Amino acid sequence: MTTETAGGRTARRERRTKETTISVVLDLDGTGRADVGTGLPFFDHMLAQLGRHGGFDLTVAASGDLHVDAHHTVEDVGIVLGEALAEALQDKAGVRRFASIALPLDEALVDVALDLSGRPYLAYEVPLPAEAAPLGAPGFDPQLAEEFWRAFVTAAGITLHLRLVSGKNTHHVLEASFKGVARCLRDAVRLEGGGVPSTKGTL
């Protein structure tokens, strides 16, 4: 694993294992440009939502043992993206810290709340049918979304609550989730003060 920071609220993170090779470049103060390639088109689509609706510039390049399972690739992208977010936030001075949203996508409605707390915690209440078909080709197992979020919040050190209010279409439910997190991140990382938003003085 290597780390390089290019100034400002930006970060570059890499991870190489026997299962995956992941590279992420993140600029929190970007324009919403996303360039994503993981070998899983539906997952690429979801990650692009994070960049576009989060207002970030995001580049993700990933190759993994998709012939075995998509799990390794999805989880490791979550880890590296979380590490990049943590690094780009630096000491979190001036950020809003908290954000929440109820985000609709057609029949799907998802509640999202997050805290740049420094304490990793995921509450994921997004029930999907066990027989939900993989999305895209190669297929993305919808159950892997939870694994992505768990890896992401653990590496980033954030608290994230995701709850499905209503929804039937698996694509809509997952896309609403990613867009909701993106909008919350956009609000939470926004600079609006001069100090660290905690009575402890650190996050």
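Analyst: Contact means heavy atoms within 4.5 Å. By that rule, Gln-49 is in contact with Gly-54, Glu-175, Phe-178, Lys-179 and Ala-182, leaving aside neighbours within four places in sequence. The model is predicted: local features need pLDDT of at least 70, side-chain atom pairs count only at pLDDT 80 or more, and totals for chains, interfaces and linings use all residues. Residues are numbered from 1 along each chain as its sequence is written, and side-chain values use heavy atoms, with hydrogens and water left out.

User: Why is Gln-49 called buried?

Analyst: Its relative accessibility is 8%. Buried means under 20% relative accessible area, exposed over 50%, partly exposed in between (1.4 Å probe, protein chains only). Gln-49 therefore counts as buried. Its place is in helix α1 (residues 41–54). Helices are DSSP runs of H or I, at least four residues; strands are runs of E, at least two; both are numbered from the N terminus.

User: What puts Arg-163 in its accessibility class?

Analyst: Arg-163 has 39% relative accessibility, so it counts as partly exposed. This residue sits in strand β9 (residues 159–166). Beyond four places in sequence, Arg-163 touches Leu-109, Val-110, Asp-111 and Glu-125. Arg-52 lies 111 residues from Arg-163 along the chain, with 22 Å between their C-alpha atoms.

User: How do you know that the length of α2 agrees with its residue count?

Analyst: The expected span is 1.5 Å times one less than the number of residues. For the 19 residues of α2 (residues 71–89) that gives 27 Å, and the end C-alpha atoms are 27 Å apart, so the two agree. Helix α2 is mostly covered, with 15 of its 19 residues buried. Just after α2, Gln-90 has a positive phi of about 55°.

User: What makes a nonpolar core, and which residues have the most contacts inside the largest one?

Analyst: A core is a set of buried Ala, Val, Leu, Ile, Met, Phe, Trp, Tyr and Cys residues joined through side-chain atoms within 4.5 Å. The largest holds 61 residues, and Phe-148 and Trp-149 have the most contacts inside it. Helix α4 (residues 170–188) gives the most to this core, nine residues. Setting aside residues up to four places away in sequence, Trp-149 touches residues including Leu-50, Tyr-124, Phe-178 and Val-181.

User: How many nonpolar, polar and charged residues line the largest cavity?

Analyst: Eight nonpolar, no polar and no charged residues. Ala, Val, Leu, Ile, Met, Phe, Trp, Tyr, Cys and Pro count as nonpolar, Asp, Glu, Lys and Arg as charged, and the others, Gly among them, as polar. A cavity is a set of points on a 1 Å grid over the protein atoms alone where a 1.4 Å probe fits but cannot get out; lining residues have an atom within 4 Å of a point. The lining is Leu-26, Leu-28, Leu-50, Phe-56, Leu-81, Leu-85, Phe-152 and Leu-185.

Terms used
On a 1 Å grid over the protein atoms alone, a cavity is a set of points where a 1.4 Å probe fits but cannot get out, and a pocket is an open set with protein on both sides within 12 Å along at least five of seven lines; lining residues have an atom within 4 Å of a point.
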